[in-house]
Amino acid sequence: MSGEEPVYIGSIDQGTSSTRFLIYDHSAHIVGSHQVEFTQFYPDAGWVEHDPVELLESVRTCIAKAMDKATADGHNVDKGLKAIGLTNQRETTMLWSKSTGYPLHNAIVWMDVRTSSICRKLEKDLPGGRTHFVETCGLPISTYFSATKLLWLMENVDAVKEAVKAGDALFGTIDTWLIWNLTGGLNGGLHVTDVSNASRTMLMNLKTLDWDQPTLKTLRIPAEILPRIVSNSEVIGQICSGWAVAGVPISGCLGDQHAAMLGQACQRGEAKSTYGTGAFILLNTGEEITQSTHGLLTTLAFKLGAEAPTNYALEGSIAIAGAAVQWLRDSLGIIQSAGEIEALASEVESTGGVYFVPAFNGLFAPWWRDDARGVCIGITRFTSKAHIARAVLESMCFQVKDVLDSMHKDAGEKGEVKNDKGEFVLRVDGGATVNNLLMQIQADLLGSPVVRPADIETTALGAAYAAGLAVGVWTEDEIFAEKAERATIFNPELDEELRKKKLESWYKAVSRTFDLADLSL
């Protein structure tokens with residue numbers, strides 16, 4: 001549909017620390033964008049919240065400014081914008097009043113661990129323990145997922161209790177909140193979520209792609225507060241008046257890691273790792289649900305249309321990746337900006353025996369230890385800030401290696417696609433991948449190639465692809481066509497013997513993080 005008139009697709013990318021709106025042309029090149037950072041609230045140790053109204057306003061600002069920028073550069077986006085896709089931080093949970101439109105509490109962010117006592121109680125009370133719901137939803141009981149956050153809100157917030165009782169409460173992850181407001185809010189706003197975001201709540205049945213009634217009954221969650229579930233690529237509704245893009249359809253919606261998978265064009269047997277605040281590794285397992293026996297999550301990859309086949313995935317989630325670099329900058333003052341870490345870490349050729357495990361809020365895959373806390377071991381008088389900086393970069397790569405090792409075991413030889421040299425290739429994206437040293441360390445620790453695309457912001461691109469596919473701007477063949485142009489390949493250079501020794505030392509460091517949650521203040 002390249003036609004005479006230029007066509008454009010917009011993409012709302014609502015992350016953990018910032019919101020962006022990007023506008024793509026038919027060649028998937030960005031013609032306008034704007035980004036706004038928003039506030040992180042830390043009301044208690046291990047608690048993380050966002051203000052839903054601030055998130056909504058950040059979207060409004062980004063759309064208006066990106067449209068203005070594209071117009072100023074000669075692009076007729078007012079006339080040519082055909083659809084908008086949305087991608088968002090997953091699991092982050094909120095409730096709002098359907099009669100006032102106001103949030104009933106701040107959004108509880110995915111990495112928040114306030115629900116650990118709820119998780120322990122469920123594990124104790126339910127016959128299946130921690131894995132009680134795995135068969136239906138693919139997820140263990142964890143502070144990570146929306147269901148436990150929803151239970152906390154229903155148990156601890158009076159406004160939520162009253163609204164649920166009165167039938168005035170609407171539950172949603174961030175995509176649901178944004179779509180409800182974008183499509184009218186109090187004036188007929190649509191209460192929907194997509195299959196990928198729903199798959200991260202612990203409440204959706206992976207086979208039926210609908211809310212699992214036995215799970216709702218067990219957890220005493222009323223079905224009427226939950227949104228309708230749609231596919232990742234279909235016209236959901238039109239944007240209402242009062243927005244800079246009124247009348248444009250929202251036709252794509254995916255959780256951020258699923259969007260990155262689509263942006264990377266990951267087909268069955270292919271994997272990607274996104275390096276952001278956390279790191280998220282997904283392997284497309286095709287139309288088969290693969291249950292992990294090695295600490296990974298079984299989840300949805302994407303479903304590109306209401307009648308389209310469902311692609312599933314194995315996922316390993318790492319809570320702290322780029323956030324450890326932010327910690328070096330904001331809490332320790334070792335660097336002034338995140339971009340400085342590469343030069344600082346490059347001042348030394350190794351960590352000098354220092355190993356850093358960023359278990360700030362526990363460890364996610366494949367360990368699942370919420371009693372873990374961060375450690376830095378192997379420090380001597382010789383240790384400098386350069387060694388610590390390098391150890392922080394290595395920690396991100398070791399964690400990805402742990403997840404990929406589990407994936408190889410779960411998927412087996414038949415479940416993975418290899419290159420002509422018999423190597424499994426990891427596709428990478430996200431802001432941290434501009435760091436060449438980080439990418440080289442990753443290839444070295446994996447012992448296999450790492451491929452970085454020319455456009456590393458594949459999350460927003462994936463949402464744009466989904467939206468464009470639904471309105472005929474792109475076909476699936478175009479989206480999944482080989483895109484090797486300008487990709488950078490990092491090949492391993494580390495000696496195999498040294499790699500094994502470093503991995504042994506890393507496992508020793510990880511074991512030191514366990515059972516530290518109750519250290520005295």
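Which residues do ring pairs link into a cluster? They are Trp110, Tyr144, Phe145, Phe280, Phe364 and Trp368. Find those six names and keep them on screen. One caution before I go on: this is a predicted model.

Now the aromatic pairs in general. The count comes to 19. Let me pick one of them: Trp96 with Trp177. A pair of aromatic rings is described by the distance of the centres and the angle of the planes. Here the centres are 5.2 Å apart. The planes make an angle of 65 degrees. Planes over 60 degrees apart count as edge-to-face, so that is the label for this pair.

Where do the two partners sit? Trp96 is in strand S6, residues 93-97. Trp177 is in helix H7, residues 174-182. The pair therefore ties together parts that are 81 residues apart in sequence. Buried or exposed? Trp96 is buried, at 0% relative accessibility. Trp177 is buried too, with a relative accessible area of 2%.

Next, charges over rings. Arg114 lies over the face of Trp152, at 4.6 Å from the ring centre. Arg369 has its charged end over the ring of Phe514, and there the distance to the centre is 4.1 Å.

On to Thr115. You'll find Thr115 in the loop between strand S7 (107-108) and helix H3 (116-125). Its relative accessibility is 1%, so Thr115 counts as buried. What does its side chain touch through a polar contact? The side chain of Thr148, at 3.4 Å. Leave aside the neighbours within four places in sequence, and Thr115 is in contact with Thr143, Thr148, Lys149 and Trp152. Trp152 is the residue whose ring face has Arg114 over it.

Last topic: helix packing. Two packed helices are described by the angle between their axes and the distance between the axes. Take H10, residues 256-263, and H15, residues 458-470. Their axes come within 7 Å and cross at roughly 80 degrees. H10 and H15 are therefore roughly perpendicular. On the H10 side, the contact includes Asp256, Ala259 and Leu262. On the H15 side, it includes Thr458, Leu461 and Tyr465.

Now H13, residues 385-411, and H17, residues 496-511. These axes come within 11 Å and cross at roughly 95 degrees. So H13 and H17 are roughly perpendicular to each other. From H13, the residues that meet H17 include Glu394, Phe398 and Asp405. From H17, Lys502, Leu503, Trp506 and Tyr507 take part.

That's my tour. Thank you.

Key
Residues numbered from 1 in each chain as written. Predicted model: local features only at pLDDT ≥ 70, side-chain atom pairs only at ≥ 80, totals over all residues. Heavy atoms only, no water. Phe/Tyr/Trp six-rings, centres within 6.5 Å; stacked < 30°, edge-to-face > 60°. Helix = DSSP H or I, 4+ residues; strand = E, 2+ residues; numbered from the N terminus. Buried < 20%, exposed > 50% of the residue type's maximum accessible area, 1.4 Å probe, protein only. Lys NZ or Arg CZ within 6 Å of the ring centre and 35° of its normal. Polar contact = N/O pair within 3.5 Å; in protein donor to acceptor, adjacent residues only side chain to side chain. Contact = heavy atoms within 4.5 Å. Axes fitted to C-alpha atoms, helices over the stretch in contact; angles between N-to-C directions. Parallel < 35°, antiparallel > 145°, perpendicular 65-115°, else oblique.
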